[in-house]
Every structure is written in C-alpha cells, then in structure tokens.
Amino acid sequence: MIMRFCYRCGISEEDGGPLIDGLCQVCFVRENPVLKMPDVVETAICGNCGSYVRAGRWVDPQSYDVEDIVREAGEVALSESVRLDERVRKFRIVAPEEIEAADEVPVGEALVSFEFLSRHTDSFPFILSYRVRVKARIHPDQRILHDESRVVEVRVTQTVCPRCQKFLGGYFEAILQVRAEGRKLADDERKRVSRIVERAVDRVMKRDRMGFIQDTIEKEEGLDFYMGSKKAARKVAQSIVNEMGGRISESYELVGMDRQTSREVYRTSVTVRIPEFREGDVISDTGGRVFEVEKVDGSGMQLKSLRDGSSVHMDWKTVRSRELKNVEFEEREAMVTSVQRDEIQLMDMESYETFEMERPPFDVREGEVYRVVKVDGRRYIRSR
Ligand SMILES: [Zn+2]
Ligand SMILES: [Zn+2]
C-alpha cells in the first residue's frame, strides 16, 4: 500500500484523510471556503409606508414598528445577498440554534443562519451587524463540515417607494363615484359607504399596492373617491353593490397624452348607483299592489305585502320589470279597539278619532297599537 500525504500540511491520509484532491480533511475545508458574500449589504425602506424591496418588488412590511421593519428589511436583504460556492446547490436559512446543533448536511447543501449582533444607530441610515454562519458539505468524501462565519453589516437607508411617490404627488387613476338612483345619497348611506370602502381598500391593498385612496370628496349628490388603481376602484365598487345593491358603470375621459408612449391617457370613472329604494319605503307595482321594503342588498329586495303581510324576495331584474315606484303615504299610530269578522275598528293615537278598515288576513289584537299607512285612500296595517 502506498502512503499518501496532504500536500499542504503533510499529514498522512491515515491520520487526516481521506484525502480530497490531495488535501487532508482540515486543509480541504480551509482551502475551499464556501461563504462568499459582501461585508456590507445595503437596502432601503420607504419612509412613508415602510415597504422595501423583496425579490425585485416593493412589498409591505409585516409590522408597523420602524425598528421591526428595519430588522425585517435587513434580514431579507441579507438572505438575498448570500453567495455560496457553486458546489452548494441548495441552502436553507435556519435559526442560529439550529445551525449550532446541526452535525449532518447532505452533499451539495448548506445551512445558513443570521445572528443579530447590534444596531449602531437610532435613525436612518440604520446600521445592523449580523453574524452570518454557514455549515456545508461540498464533497462526498468530506467528513468535516464547512463551518464558517463572518460579521456582515446591513445598511438600511430611507427612501420613498414608487407607489408613495405617486401617492404623494397626487396621482390617481380612477374616480369611484357613489350615487343613489333618482335621489341624493343620504347621510347614513354615506357613512355606510365609507365603512364598506375602508374595509374593501384594506383588503385590496394586500394585493394591489396602488389601491390607495388619494382623496375623498363629499358632493351634494354623493361621494367621490380618488383611487390609485382602476382595478381597485372596480373591486371596491363591487363590494358596495354586494352589500347595498345597485349598478356599476364606467366612463372614460381623455385627460391628455403620455409623452413617453405618445398614447392618449384616459381617466376612468367607476360609478355605483345604489337603488332608489330604501328599507322602510312604501312602494307599489304596476298592478297597484303596495309593499313595504324590508331589506335591500346585492341580490334584490325583500318586500312585505301590506295587504296580506306575506314576504317576497325580488331580484333586481324583476324589480325593474315590475316598474316598482315609491308612493306617497300618510302614516300614523292607531290602537285596535275591536276586531270583527270582516272588519276592525281603530283609534288614532293622536286625534283619538276612530275609523274602520277591512280586517287583514293576519293576526291583529284588540288593545294593541299598530302603524297604519294610507296609500291612495286605502289603509294598511304596516306593523306593530
Ligand atoms: Zn492538510
Ligand atoms: Zn411607500
């Protein structure tokens, strides 16, 4: 048998082997370092929204706390700047404790950890120090793992992301207009719309960072929301219609020319018209039937017949084809004083006048006070 020795330190293969490329285990690891990353890594976070670049795209941070965001952005930048020897085909970022405990790594793989050491500043640019450690195996004969570590500095500067540049510059792409059919938007509807819009924007912004609201304008007839993205305006419009019913339409207005692409630039208006009818309205159809509106939403209206108290759901198509319309009505409270077979007698609670009306097909009780509406000279019991 031929005795072989490490050409670098002279140890015999028996004591320091097996030899790899003529080197003992210790010298092989020392001569083939795997961690090849810069000593200083740079990143930036948006001073307005806290976003930072991850895999080439601006993303929102997980936290709202500046110190947390700085750490988050710093660690993302660190993980994206890890460079390892080409013989490492795969690596996994693990906690410092996990890498400490690891004593087996498959050939061609590595574990990397970042141990936060210190933060050198209290304001931008933040400078963070990390100990980057790697354990790797790059050769099948390797018995001793690579175990290298290095202190890397992360500089986090402040910037304004492209989205916020647009936002701060007053940019908007679409106007979401909220109106009511045939009337002004009521105060309580304005509040409800604002709540729906707020919730919908929160949801949309998770996917579409341009979905911001630049400005909200209260108009006599309704509300205008100036939005950063057309797609977001459409989604928010749909949320309003889902809850309140109504129709969405779009219009485009030529606002100028894009100098770079020499294409015409249009501004989109997305208009939601919520239904004319509201809960509590009294309406009639072409056949003269009178209903109370019990519920209005995206699917249609729940109507209660004032004649017999039965409830019916009508989708919006049916509502339109029936030509339903609001009717004028008088309403007062009256107490039932007697119930006969075909007739009931009531007393107006304000004037104490008594009157009779046809007995409705639902239960009415003597001594109870009801709201009575009068439509086209005919009286109906609305409810208790
Ligand atoms: Zn050696
Ligand atoms: Zn931003």
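Which residues form a nonpolar patch on the surface? In this predicted model, the patch consists of Tyr252, Leu254 and Tyr266, which together have about 340 Å² of accessible area. The points below describe this patch, the aromatic pairs and the charges over rings.

**Surface patch**
- Leucine 254, one of the patch residues, lies in strand β11, which covers residues 247-258.
- Leucine 254 has 45% relative accessibility and therefore counts as partly exposed, since that class lies between the limits of 20% for buried and 50% for exposed.

**Aromatic pairs**
- A pair of aromatic rings is described by the distance of the centres and the angle of the planes.
- The structure contains four aromatic pairs; among them is the edge-to-face pair of phenylalanine 116 and tyrosine 130, with 5.4 Å from centre to centre and 65 degrees between the planes.
- This pair links distant parts of the chain, as phenylalanine 116 belongs to strand β5 (residues 109-119) and tyrosine 130 to strand β6 (residues 126-137), 14 residues apart.
- Phenylalanine 116 is partly exposed at a relative accessible area of 29%, whereas tyrosine 130 is buried at 0%.
- Phenylalanine 124 and phenylalanine 126 form another edge-to-face pair, with centres 4.9 Å apart and planes at 80 degrees.
- Phenylalanine 124 is partly exposed, with 27% relative accessibility, while phenylalanine 126 is buried, with 4%.

**Charges over rings**

Definitions and conventions: Residues numbered from 1 in each chain as written. Chains lettered and ligands numbered in written order. Predicted model: local features only at pLDDT ≥ 70, side-chain atom pairs only at ≥ 80, totals over all residues. Heavy atoms only, no water. Patch = residues over 30% accessible without salt bridge, like charges linked within 9 Å, V, L, I, M, F, W, Y side chains within 5 Å. Areas by Shrake-Rupley, 256 points an atom, 1.4 Å probe, with all protein chains shown as cover. Salt bridge = Lys/Arg side-chain N within 4 Å of Asp/Glu carboxyl O. Helix = DSSP H or I, 4+ residues; strand = E, 2+ residues; numbered from the N terminus. Buried < 20%, exposed > 50% of the residue type's maximum accessible area, 1.4 Å probe, protein only. Phe/Tyr/Trp six-rings, centres within 6.5 Å; stacked < 30°, edge-to-face > 60°.
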